[in-house]
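Subject: Structure for you to look over

Dear colleague,

I am handing over the structure below, and my notes on what was found in it follow. Please read them with the model open beside you.

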Amino acid sequence: MRITHLRFANLNALEGEWSIDFENPAFLDDGIFAITGPTGSGKTTILDAICLALYGSTPRLGRMTAAQNEIMSRRQGECFAEVHFETAKGRYSCFWGQHKSRHQADGNLQPAKHEISDLDTGKVLATKLKVVEKKVEAITGMDFEQFTRSMLLAQGSFAAFLQASPSERSPILEKITGTGIYTEISKAVFGRYKALKAELDDLQKAL
């Protein structure tokens with residue numbers, strides 16, 4: 001999975017609309033970059049925006065609902081996050097947004113909007129919250145927990161990932177590296193070995 005573009009507005013202390021083009025040569029030339037800045041400058045908000053756009057949740061605040069939204073900037077009547085990403089299955093756009101009635105800061109929260117679409121065809125693939133989340137999981141191969149424990153480790157979660165048991169880490173690492181096929185091959189080889197060994201044992205008994 002590769003994120004190519006991020007756009008968001010009115011999240012935490014970052015009021016107004018912001019965008020990051022991860023296909024800009026400044027990000028691509030060296031192949032690696034860091035998000036740096038003093039506390040409160042908005043580093044984690046960028047990561048929150050990515051999670052919101054994909055899963056409608058953030059590691060710090062959980063899922064936004066019509067009853068509670070702690071990520072919308074104060075004195076604002078709406079917020080959104082949109083991310084473009086690509087996988088081996090294609091190129092996609094995920095949008096999450098929520099507003100208050102009349103788009104006014106003192107209005108009541110309205111249900112969030114979440115949708116995923118194919119970037120190449122423009123076709124909307126899903127618009128219902130649960131369906132969008134399942135679609136993202138199917139395309140990326142990761143649910144929210146796996147995404148935040150591998151692709152995007154929240155503050156303080158890196159140590160927890162390293163200290164997890166091998167059985168907990170293996171599925172995540174396999175999905176990141178695409179090596180799950182080797183686990184399937186290993187199971188098939190072991191199954192074949194057991195079958196042939198049983199056949200050999202029967203022949204030896206017959207002899």
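Throughout these notes, buried means under 20% relative accessible area, exposed means over 50%, and partly exposed means in between, with a 1.4 Å probe and the protein chains only. This is a predicted model, in which local features need pLDDT of at least 70 and side-chain atom pairs count only at pLDDT 80 or more, while totals for chains, interfaces and linings use all residues. Residues are numbered from 1 along each chain as its sequence is written, and side-chain values use heavy atoms, with hydrogens and water left out.

With that scale, Ser-41 counts as partly exposed because its relative accessible area is 35%. Ser-41 sits in the loop between helix H1 (25-28) and H2, and its C-alpha atom is separated by 8.0 Å from that of Ala-13, 28 residues apart along the chain.

As to the whole, the protein has seven helices and eight strands, where helices (H or I, at least four residues) and strands (E, at least two) are DSSP runs numbered from the N terminus. Of its 207 residues, 34% count as buried. The accessible surface comes to about 12700 Å², of which 54% belongs to carbon and sulfur atoms, the areas coming from the Shrake-Rupley method with a 1.4 Å probe. Taking contact to mean heavy atoms within 4.5 Å, 51% of the contacts between residues at least 6 apart in sequence join residues at least 24 apart.

The largest nonpolar core has 32 residues, and those with the most contacts inside it are Leu-6, Leu-11, Leu-54, Phe-85, Cys-94 and Ile-116; such a core is a set of buried Ala, Val, Leu, Ile, Met, Phe, Trp, Tyr and Cys residues joined through side-chain atoms within 4.5 Å. H2 gives the most to this core, with eight residues, and among the other elements that each supply at least two are strand S1 (2-11), strand S5 (78-87) and helix H3 (129-140). Leaving aside neighbours within four places in sequence, Leu-11 is in contact with Thr-45, Ala-49, Leu-52, Ile-71, Ser-73, Cys-79, Phe-80 and Ala-81.

One cavity of 30 Å³ or more was found in the whole structure. The largest cavity has a volume of about 50 Å³, and its lining includes Tyr-55, Arg-63, Trp-96, His-114 and Glu-133.

Arg-75, in the loop between strand S4 (62-63) and S5, has a phi near 65°, a positive value in a residue other than glycine, and counts as exposed because its relative accessibility is 66%. His-103, in the loop between S6 and strand S7 (113-118), has a positive phi of about 60° although it is not a glycine.

With best regards

Key:
1 Å grid on protein atoms, 1.4 Å probe; cavity = no way out; pocket = protein on both sides within 12 Å on 5 of 7 lines; lining within 4 Å. Points joined across faces, edges and corners; volume = space filled by probe spheres on them.
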